[in-house]
Structure formats: C-alpha cells, structure tokens
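This report walks through one protein model, strand by strand and contact by contact. Keep the structure open while reading.

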Amino acid sequence: QVQLVESGGGLVQPGGSLRLSCEASGIIFRVNTMGWYRQAPGKQRELVATITGAGSTNYADSVKGRFTISRDYAKRTVTLQMDSLQPEDTAVYYCNADIARGGIQYVYNYWGQGTQVTVSS
C-alpha cells in the first residue's frame with residue numbers, strides 16, 4: 001500500500017510563511033511527478049505547484065514568486081515553502097504524486113489526506 005502523508009499546515013497571519021511537507025511511503029518502485037493542489041470552500045480543487053522527476057517545476061500564476069516547491073529524492077518527500085501568504089491562499093492543501101509500483105510502466109496517481117492552511121489576522 002502507498003501513502004502520502006502531509007504535515008505543516010496551520011494558521012498564519014497575512015504576510016507570514018508556512019512550510020508543507022509530504023512523504024511517500026510503501027512499496028514504491030519510483031516516484032515520478034509530485035505536487036500540491038488546494039481546494040478552498042465552495043471552489044474546485046486547483047493546481048498549486050508540481051515538480052517532475054527531473055526537477056522541472058510548474059506553478060499556478062497566483063503563487064509564482066511566493067511559493068517554492070522542492071523535493072528530496074532519497075527521502076521521497078516534496079516540500080512547499082509558502083511566503084507572503086494572503087487570505088486568498090486559505091484552503092485545504094493536498095499532496096499528489098505519480099508513483100510507479102512493481103515496474104516503471106505501472107504508474108498510479110495518489111492523493112494525501114489534506115492539510116488545512118488558514119491565513120487570517
């Protein structure tokens with residue numbers, strides 16, 4: 001069984017910073033693209049940032065210049081450093097990963113359980 005376990009959410013004031021982490025565990029052949037998505041109340045889940053197995057990154061326009069995604073290949077973790085947080089960043093943040101199991105061709109998509117980020121004064 002594969003699990004994505006997130007940590008690091010919480011309450012922060014506008015302009016503050018938070019750091020989210022996600023670790024993939026289980027029987028894994030290789031972790032491909034990892035990323036973060038978020039879902040605010042009454043809205044659809046949206047992409048925040050992704051990072052490929054080769055290290056290429058992609059960000060939503062709304063977070064460019066404020067958020068930084070990185071990963072540790074050995075530890076199978078992905079981190080989202082969030083700076084200059086604003087109330088509109090309030091959402092449940094979900095970790096996502098494409099993970100190969102049993103061989104490079106057997107790739108499955110997984111989601112974490114979500115972690116709440118609240119930006120409020």
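Arg 71 has Val 78 in S8 as its bridge partner. This pair belongs to a predicted model. Further along, Ile 69 stands opposite Leu 80 in S8. In total, six bridges join S8 to strand S7, residues 67–72. The two strands run antiparallel.

S7 and S8 make a hairpin. Four residues lie between the strands.

What joins S8 to strand S3 (residues 18–25)? Six bridges do, and this pairing is antiparallel too. Glu 23 is placed opposite Thr 77 of S8.

The sheet is open and has four strands, ordered S1-S3-S8-S7. Its pairing is antiparallel. S1 and S7 stand at the edges. Each has a single partner strand, so one side of each lacks a neighbour in the sheet. On average, neighbouring strands of this sheet are turned by 15° against each other, direction ignored.

Is S8 largely enclosed or largely open? Strand S8 covers residues 77–82, and five of its six residues are buried. It is therefore largely enclosed by the rest of the structure.

## The nonpolar core

The largest nonpolar core has 32 residues. Which residues have the most contacts inside it? They are Trp 36, Leu 80, Met 82, Tyr 93 and Ile 99. At least two core residues come from each of S3, S4, strand S5 (46–51), S7, S8, S9 and strand S11 (115–119). S9 gives the most, with five residues.

Tyr 93 shows how these parts meet. Neighbours within four places in sequence are left aside here. Its contacts include Leu 20, Trp 36, Val 48, Phe 67, Leu 80, Met 82 and Val 117. Tyr 93 also touches Glu 6 and Arg 38, among others.

## Glu 6 in strand S1

Glu 6 sits in strand S1, residues 3–7. Is Glu 6 buried or exposed? Its relative accessibility is 7%, so Glu 6 counts as buried; the cut-off for buried is under 20%.

What does its side chain reach? It comes to 2.6 Å from the backbone nitrogen of Cys 95. It also comes to 3.1 Å from the backbone nitrogen of Gln 113. Beyond four places in sequence, the contacts of Glu 6 include Ser 21, Cys 22, Trp 36, Tyr 93, Tyr 94 and Cys 95. Gly 112, Gln 113, Gly 114 and Thr 115 are also among them.

## Salt bridges

How many salt bridges does the model hold? The count comes to four. Side chains of opposite charge can pair when their charged atoms come close.

Arg 38 takes part in a salt bridge with Glu 46, with the closest N and O atoms 2.7 Å apart. Arg 38 is buried, at a relative accessible area of 6%. Glu 46 is partly exposed, at 36%. Arg 38 also meets Asp 89 in a salt bridge, at 3.0 Å from N to O. This pair links distant parts of the chain. Arg 38 lies in strand S4 (residues 30–39), while Asp 89 lies in the loop between S8 and strand S9 (91–100). The two are 51 residues apart. Both Arg 38 and Asp 89 are buried.

Lys 64 and Asp 61 form another salt bridge, with the closest N and O atoms 3.1 Å apart. Lys 64 is partly exposed, at a relative accessible area of 49%. Asp 61 is exposed, at 65%.

Definitions and conventions. Residues are numbered from 1 along each chain as its sequence is written. This is a predicted model: local features need pLDDT of at least 70, side-chain atom pairs count only at pLDDT 80 or more; totals for chains, interfaces and linings use all residues. Side-chain values use heavy atoms; hydrogens and water are left out. Buried means under 20% relative accessible area, exposed over 50%, partly exposed in between (1.4 Å probe, protein chains only). Two strands pair if DSSP finds at least two bridges between them. A salt bridge is a side-chain nitrogen of Lys or Arg within 4 Å of a carboxyl oxygen of Asp or Glu. A nonpolar core is a set of buried Ala, Val, Leu, Ile, Met, Phe, Trp, Tyr and Cys residues joined through side-chain atoms within 4.5 Å. Contact means heavy atoms within 4.5 Å. A polar contact is a pair of N or O atoms within 3.5 Å; within protein, one must be able to donate a hydrogen and the other to accept it, and residues adjacent in sequence count only if both atoms are side-chain atoms. Axes are lines fitted to C-alpha atoms, for helices over the stretch in contact, and angles run from 0 to 180 degrees between N-to-C directions.
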